[in-house]
Amino acid sequence: NLQEHFKKSGEEPVCDFDVIIVGAGFAGLYALHHLRNERGFSVRVYDAAGGVGGTWYWNRYPGARVDIESVEYSYSFSHELQQEWKWSERYPSQAEVLRYFNHVADRFDLNRDIQLSTRVNSAVFDEETNQWIIQTDRGDHVRARYCIMATGFVSAPNKPNFKGLETFKGKQYHTAKWPHEGVDFSGQRVGVIGTGSSGVQTIPLIAKEADELVVFQRTPGYIVPLRNCPMTPEYSQSVKENYGKWRRTERKAFGGYIALNFEPVNPNKKLAMEVSPEERQADYEMRYQSGGLSYYNSFPDLFTTKEANDTLVEFFQEKMRERITDSDVAEKLIPKDYPILMKRLVADNGYLETFNRDNVTLVDVKNSPIEEITPNGVVVEGKEYKLDTIVFATGFDAVTGSMTRIDIRGRNGLTLNEHWANGPRNYLGLMIAEFPNLFMLDGPGSPGAFFQPILLSEYQGRWLGECIEYMNRHNLTCIEPSAEAENEWVEHSAEMANKTLLPKADSWYMGANIPGKPRVSLMYIGGFPNYSKQCNAAAVNGYKGFILS
Ligand code: N01
C-alpha cells in the first residue's frame with residue numbers, strides 16, 4: 001500500500017488515495033479489482049452515472065445489443081466468473097450486459113469504493129506534491145498519486161448543433177442518454193437522425209411502434225445480419241470447457257474475437273487476391289451465414305488494398321440489394337464511395353427490411369444536409385418533415401471526447417486540450433508527456449475499438465498495476481513518457497494507419513464525424529499482438545521511453 005510507504009518514508013503528506021479512477025465501466029471496474037483486491041492499493045472510483053457499466057448504463061435505447069458474442073465480450077481474468085456466468089443469448093442485450101457488470105461489481109466487492117452520480121470536473125497535477133487533485137460536481141476535492149482515465153471511447157455523446165434545435169416543440173432523445181423508463185412511440189411521427197450501429201439497431205423497433213418514421217441518413221453503412229439466437233447449453237458448455245484456448249486465440253486476433261459458426265477460428269492468413277474468386281466468395285458467404293463482424297478476421301489485404309477491399313464491397317452491395325424492395329431506396333441505402341471495414345461494419349436485425357414498410361421514409365442528407373429544425377419538425381431541401389419526436393442516433397465525440405470534456409492539467413498548467421490540439425498525442429496508448437502518473441484505459445493510441453475492449457482493459461490494467469508496484473519498489477514518485485517517445489509513437493501509429501485504407505473513410509475512428517476535430521487515426525491499428533509486445537518491451541527494459549523520477 002502506497003499510503004503506508006509514504007508514512008514510513010516520511011516522504012510527503014499522505015494522499016487521500018493511492019489511485020483515483022474516473023469511470024466505472026468495464027475498464028474502471030477491472031482496474032479497481034486489480035489494484036485494490038490483487039495489489040492492495042487504496043482506490044476511489046468516480047462515475048457520473050447512477051450505476052456501474054459505463055456506456056451500457058446509458059445506452060438503453062430499444063434494440064441496444066453487443067455486436068460481439070457474449071462468450072467473448074466478457075472478462076477473462078477470473079476462471080470462476082467465466083464458468084459461473086450464464087449468457088442467455090448469442091449476442092447479449094444491453095440489459096443483460098448491464099446485469100453482468102453489476103454481478104461483477106458485487107462478486108468482487110467493488111461497490112464500496114465507487115462513488116456514483118459524481119462527475120469529475122477537473123484533474124490537476126500538483127507539482128509541489130506530485131499528486132493529482134481531483135474535483136467533482138459533488139464538491140469532492142481529493143488527492144491521489146495516480147489517476148486513471150477509464151472514461152470510455154464511446155461515452156461522450158455527440159449532438160450536432162442544428163439551427164433551430166431549441167425551438168422544437170416535440171420530444172427529443174439521444175440514443176446514448178436514453179430515459180430509464182423507456183419511450184412510448186405509439187401514435188407518433190418519429191424522426192431518427194443517424195444510421196450508425198445505434199440507429200440501425202433502434203430503427204426497426206421504432207418503425208414497428210410509431211405511426212410514421214422518417215430516417216435521416218448521411219452515410220449509409222455496410223450492413224451484415226447479426227443472426228442473434230438463444231444460447232444453447234451445448235455451445236455454452238463447449239466454450240466453458242475450452243475457455244483458455246478461446247482467450248489465447250482472441251489475443252492473437254486483430255479484433256480480439258474469433259467465433260465463427262460457433263467455433264473458435266484463427267484469422268485467415270491467405271490474401272483475398274491470392275485465392276481464386278470462388279474461394280473468396282465461399283469465405284464471404286460462409287461468414288455472411290455465420291453472421292456478425294467476422295469479416296475483420298477474413299483476408300488481411302481487405303485492410304490494405306483497394307482491389308481486395310472492392311471484392312467485399314461488391315459482395316455486400318449485392319447482399320444488401322436483395323433485401324430492399326424499392327430500387328431507388330436501395331440505391332440510397334447501399335454504400336458506394338468508401339472502403340468496407342474502415343468504418344465499423346454495422347450488424348443488423350431487420351434494418352434493411354424496415355425500409356420496405358409503408359410507414360418508413362428514408363431521407364438522404366448527404367448532399368443536402370439538414371437545414372434546420374423548426375418547432376414542428378426537420379427541414380431538408382426546403383421540405384419540412386413534421387415530427388412529434390426526434391431521436392438523435394448521432395454517435396459520440398469518440399475516443400477523446402470523454403477526456404477533453406474534463407479540465408485536465410499537467411505540468412506547468414498545460415491543459416490536455418492544448419496538448420491534443422492537433423490530435424491525441426500519447427505513448428503506447430497508456431500515458432501522455434507532461435501529464436505524469438496519468439494513465440488511460442482503452443484510450444487513444446491503443447487498439448481501443450479495433451480490439452475486444454474488455455480484454456484490452458484487462459491487459460492495460462495489469463500493465464499499469466505492475467508499473468505502480470515497480471515505482472513503489474524503487475522509491476520513485478513520477479512516471480511520464482519522454483517527448484521523444486511520444487513523438488515516435490504518434491508517428492508509428494500514423495504510419496500503421498497509412499498502410500491501411502482507414503484514412504479513406506470518414507469515420508469516428510479518424511475523428512471525421514465531429515466538425516473541426518483533427519483528422520488522425522485515434523487508435524492504434526497495428527493489432528493487439530504488436531501493441532502488447534511493445535508495451536511489454538518498454539516495461540521489461542526499465543520503462544523504456546518513460547522518464548522516471
Ligand atoms: O454512432 P456513429 P453510433 N447530420 O458515429 C450521423 C459502438 N456501438 O452511436 O456516418 C446527419 O457510428 C452519422 O453520419 P456519418 C460501435 O463501435 C456498438 O451509431 O458521420 N447525420 C452516423 O450515421 C459504433 O461504431 C453497438 O456521415 C449525422 C450517425 O449519425 C459506435 O458505438 C451499438 C450528423 C452516428 O453513427 C458508434 O455508434 C451501438 C449530422 N450533423 C454503438 N452527425 C453494438 O455493439 C452525425 N450523423 C452493436
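View 1. An N or O atom in the side chain of arginine 344 is 3.4 Å from an oxygen atom of the ligand. The protein covers 89% of the 920 Å² of accessible area that the ligand has on its own (Shrake-Rupley method, 1.4 Å probe; for residues, only the protein chains shown count as cover). Lysine 343 places a polar side-chain atom 2.7 Å from an oxygen atom of the ligand. Threonine 195 uses its backbone: an N or O atom there lies 2.9 Å from a ligand oxygen atom. A polar contact is a pair of N or O atoms within 3.5 Å; within protein, one must be able to donate a hydrogen and the other to accept it, and residues adjacent in sequence count only if both atoms are side-chain atoms. This is a predicted model: local features need pLDDT of at least 70, side-chain atom pairs count only at pLDDT 80 or more, and totals for chains, interfaces and linings use all residues. Residues are numbered from 1 along each chain as its sequence is written, and side-chain values use heavy atoms, with hydrogens and water left out.

**View 2. The shell around the ligand.** The ligand is surrounded by 23 residues (a heavy atom within 4 Å). The closest are Ser198, Gln201, Arg218, Thr219 and Lys343. By class, nine are nonpolar, nine polar and five charged (nonpolar: Ala, Val, Leu, Ile, Met, Phe, Trp, Tyr, Cys and Pro; charged: Asp, Glu, Lys and Arg; polar: the others, Gly among them). Helix α6 (residues 197-209) gives the largest share, three residues.

**View 3. The five-stranded parallel sheet.** This open sheet has the order β7-β18-β8-β9-β14, with parallel pairing. Its edge strands are β7 (171-174) and β14 (360-364), each pairing on one side only. From one strand to the next, the twist averages 20 degrees. Strands (E, at least two residues) and helices (H or I, at least four) are DSSP runs, numbered from the N terminus. Two strands pair if DSSP finds at least two bridges between them. Strands β8 (residues 189-193) and β18 (residues 389-392) run parallel, joined by four bridges. Valine 190 stands opposite threonine 389 in β18.

**View 4. Helix α6 on the sheet.** α6 lies across β8, β9 (212-217), β14 and β18 (contact: heavy atoms within 4.5 Å). The helix runs at about 155 degrees to β9 (axes are lines fitted to C-alpha atoms, for helices over the stretch in contact; angles run from 0 to 180 degrees between N-to-C directions).

**View 5. The three-stranded antiparallel sheet.** This open sheet has the order β15-β16-β17, with antiparallel pairing. β15 (372-374) and β17 (383-386) stand at the edges with a single partner strand each, so one side of each is left without a neighbour in the sheet. Strand β16 (residues 377-380) pairs with β17 over four bridges. Valine 380 has lysine 383 in β17 as its bridge partner.
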